[in-house]
Amino acid sequence: MIGRLRHWQRRAWHDRSKAARVELQSVIVTHCTLWLFSLSWLMLPLLSGLHPGPMPRLLGGLLLLLGALQCTVANRRVRPVLDHYLGRAELPPRALRAPAGLLMLGLAPLVVLDLLDAAPAFTVRLILGATLMPFGMLYALVVPLRVFLRQTAVLTAVLAVVLGLARLDGMAALESAAMVVFVGLFCLLTSRCGAWTLSVLWEAERARDVEAQLAVAEERLRFGRDLHDVLGRNLAVIALKSELAVQLARRGRPEAVEQMIEVQRLAQESQHEVREVVRGYREADLGKELAGAQGVLTAAGVECTVSGSAVGLPAPVQSALGWVVREAATNVLRHGDARHCAVTLKIKEERAVLSVENDGAPRSGPGPGSGLTGLRERLSKVDGTLRAGPDGQGSFRLTAEVPLSPVDPFAPPRTVSEVTP
């Protein structure tokens, strides 16, 4: 049973993004608000404020039944109305017909209750607020703000006149108008303002995604520009010299051999320059990556501690472990709900050991093609190993080991003379 509860908790909460969590919390608060006001503004006054007699009791029971139906129907419309406000989906044309119909049905026995003077004036005003609340919280998200304010003003005038005439009391009309205005403003503050906050939060979430995509695109453009600068001139010269060598060879000129030797030299030089570009693109400074990961995690609300120094480690080791730090920090932010993260770097038996442990273990481990799989492939090129997974105590631990004298994956291949003595 406890395992199922933990599974549900991770699926319903931990596996959601921060924006999705805020949205889920807002929806739950809206559901609770609807029922809370119905219980406090409707049920309690009806149970204690009705005058004795069968007719007041009948009207009170009818109002309780209609109030429960209003809350039930409104709860079922909260998610579609919110999706409509956030621009995710179109709201069906008949979505608010049932809430509007229940509102009209709820106002009818209220007016009769006031006409019969079967309840104190204060009780009638509370019942009025509880009757308007479910529909108002939905309607505030469907129509523009000006339309909502205009419709609220019209409804205020109508109900003030009707309930004022029911008791032939100007103060009753003023109290009814004040209650309608209060409910309208309350719906705007709770429902519309909350939905507007969600829209801003989701917009910021999308902006971060776009920013990340632009950063990747910019880096690709930079890499492509570097390759063009390196290869463009050499390839043009190779093409010209190859064409010249062909013409010389057709004429039987011995200079064709010299031209092909020059082509070979240019090709080898281009190959070396491409390796240098790729080396600069793929290498990562471990010290900067550790400091950057600590700063990013701290800014995200994760208490991050870093122990150990990358000073003196070979460049290939720093490059490989730097990518491990990048991926580990990304996993902590995206796949877990960590509050604490510890990064440890130490030297053990001529091997650099990097350990990243956090207390927000994901629901499941990475599948094929994930970032960790790519790290294993990258580390294997420098004779390194990677272990990652939950430790069974709610923490996720990632450990990478790289020998201090790893094979340089970007080094040029050795010739036969270099291999054999």
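I started with helix 3 (residues 54-85) and helix 5 (residues 121-142), whose axes come within 8 Å and cross at roughly 15 degrees. That makes helix 3 roughly parallel to helix 5. This is a predicted model, where local features need pLDDT of at least 70, side-chain atom pairs count only at pLDDT 80 or more, and totals for chains, interfaces and linings use all residues. Residues are numbered from 1 along each chain as its sequence is written, and side-chain values use heavy atoms, with hydrogens and water left out.

Some terms I noted down. Helices are DSSP runs of H or I with at least four residues, numbered from the N terminus. Axes are lines fitted to C-alpha atoms over the stretch in contact, and angles run from 0 to 180 degrees between N-to-C directions. Under 35 degrees counts as roughly parallel, over 145 as roughly antiparallel.

I looked up who touches whom, with contact meaning heavy atoms within 4.5 Å. Helix 3 brings L63, Q70, C71, A74, R77, V78, V81, L82, H84 and Y85, and helix 5 brings I127, T131, P134, L138, L141 and V142. I sorted these into 12 nonpolar, three polar and one charged. For that sorting, Ala, Val, Leu, Ile, Met, Phe, Trp, Tyr, Cys and Pro are nonpolar, Asp, Glu, Lys and Arg are charged, and the others, Gly among them, are polar.

Next I checked helix 3 against helix 4 (residues 97-115). Their axes come within 9 Å and cross at roughly 160 degrees, so the two helices are roughly antiparallel. The crossing is left-handed. Among the contact residues are P56, L59 and L62 of helix 3 and A98, P99 and L102 of helix 4. The contact divides into 16 nonpolar, two polar and one charged.

Then came helix 2 (residues 18-49) with helix 5: axes within 9 Å, crossing at roughly 160 degrees. That makes helix 2 roughly antiparallel to helix 5. This crossing is left-handed too. I found 12 nonpolar, five polar and no charged residues here.

Last, the rings. I counted six aromatic pairs, taking rings of Phe, Tyr and Trp (its six-membered ring) as paired if their centres lie within 6.5 Å. F37, W41, F182 and F186 form one aromatic cluster. W323 has R326 over its face, at 4.4 Å from the ring centre. The charged end of R378 also sits over the W323 ring, 4.4 Å from its centre. My rule for that was CZ of Arg within 6 Å of the ring centre and within 35 degrees of the ring normal.

How values were computed:
Parallel < 35°, antiparallel > 145°, perpendicular 65-115°, else oblique. Phe/Tyr/Trp six-rings, centres within 6.5 Å; stacked < 30°, edge-to-face > 60°. Left-handed = near helix turned anticlockwise from the far one by under 90°.
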